[in-house]
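Trainee: Could you take me slowly through one part of this model, the strands and the ligand site around them? I would like to follow it residue by residue.

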Amino acid sequence: MAHYWASCAGGLQFALVKELENLEGTSIIPGIDTYGGVQFRTTSPLQKVAELRSADNVYAFLSHEKNIPVDKEVGVAFMQSLASKIDWGPVMQLHKQWQEAEETCSTSRTSDPLLTMNGITNTDQTCEVTQMSFRVTGNRICMNMKKHGYTSMDVAAAIGDGIHELHGWPADMRSYNVEVLAWIIDDELLLLLALIYSGNKKNTTNLQNSSKIDEPHSNHASEEQELGGEQANLTKKKGRVDRPSRADAQLYSRRPYRKALVHTSLKPSTAYGILQLADVQPGDIVLDPMCGCGTIPLEASDWLGSRIMGLGGDFINTAIEASRVNSVAGESAGPCDIVQWDASMLPLRTASVDRVICDMPFGNRCGNHKVREVLCPRVVKQVVRVLRPGSGVAVLMAQSKTMKEEIVVNQKAYLSLQQHFYVHMEGLKVDVFVVHRTTEAAPTQQIVKPSKKMVKRKRDGQFIKPSSPEIA
Ligand SMILES: C[S@@+](CC[C@H](N)C(=O)[O-])C[C@H]1O[C@@H](n2cnc3c(N)ncnc32)[C@H](O)[C@@H]1O
């Protein structure tokens, strides 16, 4: 049985567990709760693993260790020794299968790598570990602990030295055959092997004689430190290491509708996770009033096809353009309409929508705290109005202090709070509210004056005020 780790946003593991429970020949291995993801073994074909909607990515599982010493010297020596004792046989077999599937895809020019995986089964076999180059990416977070004595770079260097000691492989940051991920959270270390690569990986079919391929590198900023022991330290000393883009190295980046992004775009796997909370039914109209590049309604359409109708809107021109590009790319899966509007004055009929799923602006990339505190309650009022009384459900993600009060106090007659929990995304803790619309009829629509911020945007040519706030 192949041993995997599937990653997802922290807090949304339940969606991944649900999908894995329905994956034939799969057993979930409990016990790693600190990380956003799930460890599992499966005999299901590769294609089925690659089709997991709630996973950001899948990796071959190398090792998980608790009680890593925090002290620099002891910790580094511990990690190096750990990495030098890993059994690579079964992991390399899995890696080989995934690479063969990807290569068949590029040589046969099939647009969908998943198709080439059809029929390739996960087995118990191991394979001979041959000579190859590698890279280690270290990532370190303190959640409940104050500080580690080492940096992410020290972690990557220690693991790199251990791998070099074991196999004698050379480290190569820019052109490598395998990439190891070393994630430390508090005193736990998770070691994984990447199965999906961005464009700069070496051709692995002839590992012994492979030559370097010059691939374009993006300038994507990353908090991660990529190293491979001593040699990587040398590379770093010489100057900044060019890093490849990871954007195309995720499982979710293969969604057909994922063509254009905005800087606040949600991961499709996260969109799928929160969609699970909305209990979407055939025939539902699924609305995201602040849709950015349209991830949520497009994921709903991609998942449920023409059984539902997706509807998204945003007030920024670039977001609307991105959503339209994406909805055209994904239209074969299911219908999704995109409209430009202000979510605090939705031009929709009262009681016309079944599900509202929305990640409202949060973090520094999207507006500021003061604007959000004004905007979020206004959007909630619109959600109350457009949702069908008695059957409507909303899943709202937000980082707003007033949001809970708006739901449980101000909208108490119209909304009943079913769940409230947190999701960890890009280092931020975001509230998720699952609310049911009560049977109480919505209050009559009041015309809301656009906030100063919105008027300013209009002057900049960014904000388009709907001609009528409600078509009743
Ligand atoms: C967190 S982002 C949503 C990202 C989206 N889920 C995606 O995957 O691209 C919040 C979005 O709300 C939009 N927004 C902010 N204020 C708005 C308003 N008054 N009306 C409509 N959209 C608004 C922003 O333009 C931004 O695209």
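Mentor: We begin with a definition: two strands are said to pair if DSSP finds at least two bridges between them. Please keep in mind throughout that this is a predicted model. Strand β10, which covers residues 309–314, and strand β11, which covers residues 336–340, run parallel and are joined by five bridges. One of the residues to look for here is glycine 310, whose bridge partner in β11 is cysteine 336. To get from β10 to β11 the chain passes through helix α10, residues 317–329, and the β-α-β crossover formed in this way is right-handed.

Stay for a moment with strand β10, where you will also find methionine 309. Although methionine 309 and aspartate 284 are 25 residues apart along the chain, their C-alpha atoms are separated by 6.3 Å.

Now turn to the ligand, which has 22 residues around it, and among these Leu266, Thr295, Asp314, Ala343 and Asp359 come nearest. Sorted by class, this shell holds 15 nonpolar residues, four polar ones and three charged ones. Aspartate 342, in turn, has a polar side-chain atom 2.8 Å from a nitrogen atom of the ligand. Taken alone, the ligand would expose 600 Å², and the protein buries 95% of that.

Aspartate 279, found in the loop between α8 (268–275) and β9 (285–288), has a positive phi of about 50° although it is not a glycine. Its relative accessible area is 47%, so aspartate 279 is partly exposed. Alanine 351, which belongs to the loop between β11 and β12 (355–359), likewise has a positive phi, near 55°, and is a residue other than glycine. Alanine 351 is partly exposed too, since its relative accessible area is 29%.

Conventions: Residues numbered from 1 in each chain as written. Predicted model: local features only at pLDDT ≥ 70, side-chain atom pairs only at ≥ 80, totals over all residues. Heavy atoms only, no water. Helix = DSSP H or I, 4+ residues; strand = E, 2+ residues; numbered from the N terminus. Right-handed = clockwise from strand over helix to strand, strands pointing away. Near = heavy atom within 4 Å. Polar contact = N/O pair within 3.5 Å; in protein donor to acceptor, adjacent residues only side chain to side chain. Areas by Shrake-Rupley, 256 points an atom, 1.4 Å probe, with all protein chains shown as cover. Nonpolar A, V, L, I, M, F, W, Y, C, P; charged D, E, K, R; others polar. Buried < 20%, exposed > 50% of the residue type's maximum accessible area, 1.4 Å probe, protein only.
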